[in-house]
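Please open the structure in a viewer and keep the selection tool at hand.

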Amino acid sequence: MQYNLTNWTQTCANSDRMRIADMNNDSHDDVVTFSNGSSMMCIHYYNTTTMTYDAYFNLNTTNNPLDVQIADIDGDGYPDFVTIHGPTNQGVVSVSLFSPPTNSARPGSDIVIYRWNDMVNRTDLATLRIDDFFNNNQTTIIVSDAWNDATEIVYDTQSRRLTKNPQKFRNLSSASVAGDIDGDGDIDFITPKQLGSVIVLNNQSSWTQIPLPDTIVTTNATIADFKNNGEINLLTPNPQYEDGDPTTLDGDIGYRAISSAGLGSPNLSPLTPSSVPIDILLSDIDQDGLMDQFVLAGEGFHGIFIGAWHNLSLDVDGDGTFDLSAEGYSSTSLPSIGVLNVSDTNNVIKQTIEPFLLNLPSSVDGYGIEMVTNMMSVLSNSNGIANFTDIEITYNVDFTVRSCQGTIGSLSNSLNQQMLPGVGVFTITLPVETTKAGQLELSSVSLTYTLGAPNLALPPTPVLFAQSLTQTEAIIEWQNLSEFGSDIQEFQVFRMDSSTPFDFSSPHDIVTGQNFYSDSDVEAGYAYSYVVRSIHAFGVASNLSQPFEVTIPYPPAPAAVTNVQLIDLDVETTSAPLKVTWDASTDSDVVEYKIFVATSDLDATGLNFELTPAMDYLLDGVTYQATTTVSSSITEAEISSTSQYVDASGTIASEAIQDGQQYWVAIAA
């Protein structure tokens with residue numbers, strides 16, 4: 001949320017009260033100021049051009065009001081002034097009807113309020129409240145007197161007079177707090193008393209009194225569902241004393257559940273949005289579904305804390321029940337608030353997942369490691385970003401090593417390279433890399449070995465390169481045999497293609513007596529990877545080479561046909577108007593010939609051209625389809641139509657051969 005302040009605007013001298021209302025019905029709030037007991041109202045319109053408040057104009061309402069409230073009483077779309085009066089006009093409730101076109105107010109209606117069960121003595125009015133108390137789209141005035149007796153008043157638009165409900169109700173004072181206590185959409189009250197308190201419940205046609213034993217303080221209290229979970233609470237600021245240090249939080253906002261059944265116990269974790277909270281109001285001003293809290297607070301200098309109450313829940317096992325949750329204020333800009341965190345300090349995630357983990361569908365990777373996927377659900381009452389951080393998952397895993405695996409280091413080579421001559425115990429370092437600290441145990445070791453190997457030096461690692469690549473064969477070469485020593489026995493060749501991974505337990509082929517490998521089991525256009533290692537006497541093996549990948553090339557294009565002739569036939573004696581003949585290509589691997597016919601030149605000299613993968617003829621941006629395809633044993637074809645082609649304008653259909661039209665023909669082998 002973002003707010004902008006206007007400039008300071010001077011108002012009437014001695015004004016100590018303020019009301020906010022859209023006085024001229026322009027969808028912008030205006031400001032009305034006045035002093036206690038004064039009939040003069042100072043009105044500042046909001047100027048949409050300058051985005052500031054205009055200088056005030058004043059008007060008079062009824063004399064010496066005790067309180068003034070603003071609401072549209074007569075239903076004309078403009079707010080009016082409602083006042084209550086004391087000694088000089090005792091017990092009177094008045095309405096002054098406001099007219100924006102003339103910026104004036106005229107007397108509307110007065111009504112006298114008498115004491116309880118007394119039609120002679122006027123009462124001493126104390127409070128004035130205006131709202132749609134009954135949730136029926138009708139503005140109602142409720143006034144109470146010095147004896148906490150209340151009267152309902154409405155404005156009759158037909159008679160243009162104020163009328164009162166003869167049925168008064170009790171226990172409404174200046175300390176009463178209004179709110180929807182029972183969640184039925186209308187407005188109820190809770191009123192503190194010297195002993196205990198009372199809920200005044202709105203039943204639309206009457207008010208039910210519910211005495212409570214709880215003695216409460218309602219200074220600046222409010223009633224709201226601040227958690228947005230359907231639970232109504234009574235929130236009461238408790239400022240306490242300032243310690244002069246704004247970095248420490250002094251005071252809090254206590255809250256307790258409230259309903260038609262009574263008051264719950266005060267929550268043991270009161271709200272601490274800011275230090276020394278004085279007042280709190282709630283409204284969903286940004287219309288995101290969350291009640292925003294406006295808290296007047298601060299030490300030394302007062303400010304307004306604005307924020308909503310958030311929650312964050314985690315369903316670990318996807319059963320619809322949330323296993324971890326947190327609630328509170330959340331802010332990325334206020335260090336004293338911070339972001340909302342859910343911490344698993346009691347291993348709830350582990351305990352929740354562990355019982356069913358082994359029964360989840362699993363997959364196995366290339367190293368034989370079985371893995372499962374567990375989807376967790378996150379829910380919050382507000383929009384934002386939820387981050388998983390500091391997740392530590394510990395587990396036990398067994399790796400079975402049956403042969404010399406890996407391209408760089410392996411268990412077997414670790415033993416061979418670090419073995420010492422003689423008899424006894426020796427220590428080796430295993431080439432193990434992990435992202436987290438932990439414990440590694442080597443168990444159930446079963447080793448095959450050859451006694452008395454005289455040379456413990458590790459042979460060089462083969463370095464592969466391509467000696468020759470054709471469409472039918474790949475020849476892979478490595479260092480000279482002399483570099484591998486006199487004890488070289490063989491080279492193991494491992495191969496991988498798109499359908500078969502490396503299998504280091506079973507070589508693809510064995511090479512002896514030479515430093516290259518010829519692979520004729522290949523297909524043009526496919527990629528193959530090779531890994532090689534040398535095998536020596538006494539079971540010594542080199543490290544695996546780095547994978548070396550080759551792509552088998554396609555064969556070159558065959559030689560073009562020659563002596564192409566286009567012959568005009570007699571349509572009365574033949575089945576087609578044209579025939580084309582040619583001399584066959586000199587290459588023996590030709591499979592077929594494709595014939596292309598057009599009404600424009602098909603000569604590609606100096607132009608961009610190619611035969612597309614679909615075997616169409618692409619010439620200078622125009623793609624021609626073959627009219628006829630014949631086998632390599634045929635060197636002539638009859639022609640009845642041109643080739644269909646595609647150019648910048650779209651697809652052009654083939655046309656029948658016509659007399660008097662010039663044609664061109666191209667043959668592709």
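Select Phe 189, which counts as buried, with a relative accessibility of 0%. The model shown here is a predicted one. Phe 189 belongs to strand S17, which covers residues 188-192.

For Phe 133 and Phe 189 the centres are 6.0 Å apart and the planes stand at 40°, so the pair is tilted.

Now extend the selection to Phe 134, Phe 169 and Trp 207. With Phe 133 and Phe 189, these residues form one aromatic cluster. In the whole structure, the count comes to 20 aromatic pairs.

## A second aromatic pair

Move to Phe 305 and Tyr 329, both of which are buried. How are their rings arranged, and how far apart are the centres? The pair is edge-to-face, with 5.2 Å from centre to centre and 80° between the planes. Phe 305 is found in strand S26 (residues 303-308), whereas Tyr 329 is in the loop between strand S28 (324-328) and helix H1 (348-353). The pair thus links distant parts of the chain, 24 residues apart.

## Charges over rings

Select Arg 115 together with Trp 147. The charged end of Arg 115 sits over the ring of Trp 147, at 3.6 Å from the ring's centre. Then select Arg 170 and Trp 116: here Arg 170 lies over the face of Trp 116, 4.0 Å from the ring centre.

## The disulfide

How many disulfides does the structure hold? There is 1. A disulfide is a covalent bond between the sulfur atoms of two cysteines. To view it, select Cys 12 and Cys 42, which are joined with an S to S distance of 1.6 Å. The link is left-handed, with -110° about the S-S bond. Cys 12 lies in the segment before strand S1 (17-21) and Cys 42 in strand S3 (residues 40-44), so the pair ties together parts that are 30 residues apart in sequence.

Are these cysteines buried or exposed? Cys 12 counts as buried at 7% relative accessibility, and Cys 42 is buried with a relative accessible area of 1%.

Conventions. Residues are numbered from 1 along each chain as its sequence is written. This is a predicted model: local features need pLDDT of at least 70, side-chain atom pairs count only at pLDDT 80 or more; totals for chains, interfaces and linings use all residues. Side-chain values use heavy atoms; hydrogens and water are left out. A disulfide is a pair of cysteine sulfur atoms within 2.5 Å. Helices (H or I, at least four residues) and strands (E, at least two) are DSSP runs, numbered from the N terminus. Buried means under 20% relative accessible area, exposed over 50%, partly exposed in between (1.4 Å probe, protein chains only). Rings of Phe, Tyr and Trp (its six-membered ring) pair if their centres lie within 6.5 Å; planes under 30 degrees apart count as stacked, over 60 as edge-to-face and the rest as tilted. A charge sits over a ring if NZ of Lys or CZ of Arg is within 6 Å of the ring centre and within 35 degrees of the ring normal.
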